[in-house]
Amino acid sequence: MSCLLQSIPPNSTFPHLKTPISPPAYDSLTAINKRPKRTLHILAANTSTTSQSKAKRSQEEDDYHSTLKALNSKGRFPRKSLGQHYMLNGSINDELVAAANVREGDVVLEIGPGTGSLTNVLVNAGATVLAIEKDSYMAALVRERFTGLDRVKVLEEDFTRSHIRSHMSSILSSKSPQDGNSSSAKVGITSNKQWLVELLFPLFFPFVQVVANIPFNISTEVVKQLLPMGDIFSEVILLLQDELALRLVDSNLKSSEHRPINTFVNFYSDPEYILKVSRTNFFPQPNVDAAVVAFKLKQPVNYPRVSSIKSFFSMVNSAFNGKRKMLRKSLQHICPSPDTEAALCTIGLLPTSRPEELTLEDFVKLHDLIVKT
């Protein structure tokens, strides 16, 4: 199916929303030429949609002025405590949806829909959207905007505390499979066996994704929560702080920025930096730029083979404790230093190796040699 580390500090003050403000200058996107160039024709209203969907679909362009109008309608301003920075450039939302290759019939989880600008693009692409919004005022705004459109469901929750599997099971069980034996899916859904439902969903709903302009202050939590869900989602497309985005996709060794999160990301996914987004595209304007990153999630069967995932990441976290420590020191509470040195030599590394010098494969081999489970 298609679906953390530093926060971007919001501006210390916000202008009164009813005070005229000049729109920020348009900043062209700097695309990364790793993927074939995508066209945005999939974002147009699909001719096969129902008349009800057409009637309820928002036709108003999401730009600077419409964002202010939407916020003013609820008497709201961006909340620093929630890390709220609203997207002002509709073309970036188009790029997000294009990067996810969202098509008619796809199911998409959106985190922090705000005024519903990205939700609108997803709906226009034909997706069913489950939007999770912590701010009650914004949740109400999105519900009102898409009133009567059964392809949009808004939950007022803190995403970091949400039961995503349960919510997605509910959404998927209400949809008819597009392919395969529908009777088999029906048996799975009505059996009340959660494990069977989760087993059948990847077979009949292969395009369940996460596409989100997430609040920057929960980026690490979101990544950690979503990436191990390869049995539910096929891909996670997130707009993150640019510095964090570069760090998460960086596969270079011997970097001072290499952290346990890099091993975590590569264990559960194949990450790709898609494009950079200038800070001028947000209101209020943050202090740094952002970027779109695509995480292609691995199926559990394709995870690196370790005897225990829990003990594996416990070892990895221990390895990075103490900046620039050699592994024979940082892991001595797990294994005597001489044994760690011997294990490193066995896998072709120096006995003085440091954690940032090891690849994911190296950590897997080291875990098998020194951790007894």
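**Aromatic pairs and selected side chains**

The structure, a predicted model, holds 10 aromatic pairs. One of them joins Tyr268 and Tyr303 in an edge-to-face arrangement, with 4.9 Å from centre to centre and 90° between the planes. This pair links distant parts of the chain, since Tyr268 belongs to helix α11 (residues 260–268) and Tyr303 to the loop between β10 (290–297) and α12, 35 residues apart. Both tyrosines, Tyr268 and Tyr303, are buried.

A further pair is formed by Phe320 and Phe363, whose ring centres are 6.1 Å apart. Phe320 and Phe363 are each buried.

Ring pairs also build a cluster, which takes in Phe264, Phe267, Tyr268, Tyr303, Phe312 and Phe313. The edge-to-face pair of Tyr268 and Tyr303 thus has both its members in this cluster.

Helix α12 (residues 309–319) contains Ser311. The side chain of Ser311 reaches the backbone oxygen of Ser308 at 3.1 Å. Ser311 counts as buried because its relative accessibility is 17%, and the cut-off for burial is under 20%.

Among the cysteines, Cys335 counts as buried because its relative accessibility is 7%. Cys345, with a relative accessible area of 44%, is partly exposed. The count of disulfides comes to 0, a disulfide being a pair of cysteine sulfur atoms within 2.5 Å.

Note on methods
Residues numbered from 1 in each chain as written. Predicted model: local features only at pLDDT ≥ 70, side-chain atom pairs only at ≥ 80, totals over all residues. Heavy atoms only, no water. Buried < 20%, exposed > 50% of the residue type's maximum accessible area, 1.4 Å probe, protein only. Helix = DSSP H or I, 4+ residues; strand = E, 2+ residues; numbered from the N terminus. Polar contact = N/O pair within 3.5 Å; in protein donor to acceptor, adjacent residues only side chain to side chain. Phe/Tyr/Trp six-rings, centres within 6.5 Å; stacked < 30°, edge-to-face > 60°.
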